[in-house]
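Please keep the model open beside you as you read.

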Amino acid sequence: MMKEMNTNLQDFSHKRYNILSGEWVLVSPHRAKRPWQGQNEPVSNERRPSHDENCYLCSGNTRTNGEQNPNYKNVYVFLNDFAALQEDSEVFSINSGLIKAQSEQGICKVICFSADHSKSLAQMEVVDIVKVIETWKKEYVTLGSEEIINYVQIFENKGAIMGCSNPHPHGQIWSQSSLPNEVVKKDIMQLAYLKKNNRTLLEDYIKQELELKERIIFENESFVVLVPFWAIWPFETMIVPKKSQKHIALLNNNEEKKFAEAISVITQAYDKIFECSFPYSSGIHQAPTNGSSNNHWHWHMSFYPPLLRSATVKKFMVGYEMFGSPQRDITAEIAAKIMRALV
Ligand SMILES: [Zn+2]
């Protein structure tokens with residue numbers, strides 16, 4: 001059943017509820033009421049060589065710690081030379097009045113998506129993105145089976161604007177003994193929903209979104225790409241498997257291809273919005289590897305891109321957003337419409 005879009009949401013200030021985190025985002029559509037006039041400021045999209053002898057991630061090159069990368073052809077994973085978490089660090093806790101601390105152990109890895117220095121996921125073939133997904137699956141299982149690891153966070157920082165220091169296509173995998181804040185929030189909300197409804201939260205959410213069709217950008221047999229109702233970043237999106245699945249290791253061969261297709265479609269659409277290599281942070285939230293059944297988890301991949309109006313104008317999370325709550329002008333529905341036209 002198709003419902004009329006609620007025009008109040010496009011006309012008046014309101015807050016939207018994030019069903020995954022239990023938090024609110026303030027939306028002020030009247031501030032973006034004028035027709036979309038996103039300028040196309042061509043950015044110096046410098047062409048990179050497919051192999052850069054100064055890049056520490058390129059195949060065969062030597063990293064700063066003196067180790068040499070093998071002559072890898074596709075995907076290459078190695079332990080982060082400057083890891084934020086370490087496997088063998090001292091275990092301790094401090095509980096002294098109001099001063100509280102706990103040691104944290106972990107394993108951090110870097111994953112090169114391709115041997116080609118000049119490419120990003122948007123320019124990679126779907127078959128090559130499948131190889132990245134297969135490596136993510138393997139790392140999730142291997143790291144997750146370590147005694148000290150209870151959660152595996154797969155993510156990518158793309159673009160200098162996101163603090164990414166090297167343009168070589170790569171991501172990271174941080175795994176650790178405790179659950180990070182964002183995962184704890186989603187764990188609580190999804191568990192409460194499953195207990196009450198006996199279905200996963202995202203299974204029902206996707207069903208509703210597919211009926212409304214207001215925020216869907218793309219779908220294939222296994223996945224939906226959409227702008228979540230509660231999106232904070234102007235062009236925030238989420239890739240969600242249609243069937244309830246708690247982690248990526250459960251993806252079969254066909255689903256891997258469909259997932260790769262979804263990544264390819266959304267990253268290409270991103271590059272078209274402002275005709276630039278679109279910066280973002282993306283990450284996969286999935287079931288902790290803490291030995292629990294975690295049937296309440298429905299994994300998903302989120303993209304948080306900072307650009308607002310052009311390749312050079314980004315959204316700042318400052319002022320009210322630091323002291324109050326996140327806020328956006330352009331609504332999720334308008335953002336979805338812009339991106340849908342680029343798919
Ligand atoms: Zn490189």
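## Aromatic pairs

There are 17 aromatic pairs in this predicted model; rings of Phe, Tyr and Trp (its six-membered ring) pair if their centres lie within 6.5 Å, with planes under 30 degrees apart called stacked, over 60 edge-to-face and the rest tilted. One of them joins Y17 and W24, a tilted pair with 4.9 Å centre to centre and 50° between the planes. Y17 is partly exposed at 31% relative accessible area, and W24 is partly exposed at 41%. Here buried is under 20%, exposed over 50% and partly exposed in between, using a 1.4 Å probe and protein chains only.

Elsewhere, ring pairs tie F235, Y270, F274, F278, Y280 and F303 into a cluster.

## Charges over rings

## Helix α5

Helix α5 covers residues 253-273, and its 21 residues should span 30 Å at 1.5 Å a residue; the end C-alpha atoms are 31 Å apart, which agrees. The expected span is 1.5 Å times one less than the number of residues. Helices are DSSP runs (H or I, at least four residues), numbered from the N terminus. Just after α5, E275 adopts a positive phi of about 50°.

## About the model

Residues are numbered from 1 along each chain as its sequence is written, and side-chain values use heavy atoms, leaving out hydrogens and water. In this predicted model, local features need pLDDT of at least 70 and side-chain atom pairs count only at pLDDT 80 or more, while totals for chains, interfaces and linings use all residues.

Note on methods
Helices (H or I, at least four residues) and strands (E, at least two) are DSSP runs, numbered from the N terminus.
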